[in-house]
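Biologist: Could you walk me through how to read a model like this one? I would like the general idea each time, and then the case at hand.

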Amino acid sequence: MEPYFIPFSTGARGCLGRNISYLEQMVVLATIVHRYEFALPSPEFQLIRQEDFDLLVGELPLKIWRRELSVDTVQP
Ligand code: HEM
């Protein structure tokens, strides 16, 4: 159902903040990946996706921990 997922709508009255939102999403994602490490239970782990009226995702058991920041990556 991915082609029908149009979160910002479309056409002349589509979302004006779409590109701001993409930028914000990128900053949030980059910040999270920069600050934390992630590990799945095993390299073979498969995420269950069930397409329904909405997209349902199964459990995602993640281990998340803070990265050690070295002195030269810390902003003043
Ligand atoms: C994940 C974030 C966002 C989602 C999913 C979203 C989604 C939408 C949707 C579905 C509409 C309705 C479009 C329609 O009526 O067909 C809309 C309209 C609008 N959005 Fe967003 N939006 C988001 C973020 C933003 C941001 C950050 C801004 C402004 C900085 C913004 C500004 C607007 C404006 C001004 C409209 C009205 C456009 C019009 O009626 O001509 N949106 N948005």
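This is a predicted model: local features need pLDDT of at least 70, side-chain atom pairs count only at pLDDT 80 or more; totals for chains, interfaces and linings use all residues.

Biologist: Which protein donor does the iron atom of the ligand have?

Modeller: Donors are N, O and S atoms within 2.8 Å of the metal (3.2 Å for Na, K and Ca); water is not among the atoms, so sites may look incomplete. Here the single protein donor is SG of Cys15, 2.2 Å from the iron. Cys15 sits in the segment before α1 (18-35), helices being DSSP runs of H or I with at least four residues, numbered from the N terminus.

Biologist: And which residues are around the ligand?

Modeller: A residue counts if one of its heavy atoms lies within 4 Å. The shell consists of Pro7, Phe8, Ser9, Arg13, Gly14, Cys15, Leu16, Gly17, Ile20 and Ser21. For polar contacts, look for pairs of N or O atoms within 3.5 Å. Ser9 places a polar side-chain atom 2.8 Å from a ligand oxygen, and a side-chain N or O atom of Arg13 is 2.8 Å from an oxygen of the ligand.

Biologist: How many aromatic pairs are there?

Modeller: Rings of Phe, Tyr and Trp (its six-membered ring) pair if their centres lie within 6.5 Å; planes under 30 degrees apart are stacked, over 60 edge-to-face, and the rest tilted. The count is one. Phe8 and Tyr22 are edge-to-face, with centres 5.4 Å apart and 80 degrees between the planes. Phe8 lies in the segment before α1 and Tyr22 in helix α1, so the pair ties together parts 14 residues apart in sequence.

Methods: Residues are numbered from 1 along each chain as its sequence is written. Side-chain values use heavy atoms; hydrogens and water are left out. Helices (H or I, at least four residues) and strands (E, at least two) are DSSP runs, numbered from the N terminus. A polar contact is a pair of N or O atoms within 3.5 Å; within protein, one must be able to donate a hydrogen and the other to accept it, and residues adjacent in sequence count only if both atoms are side-chain atoms.
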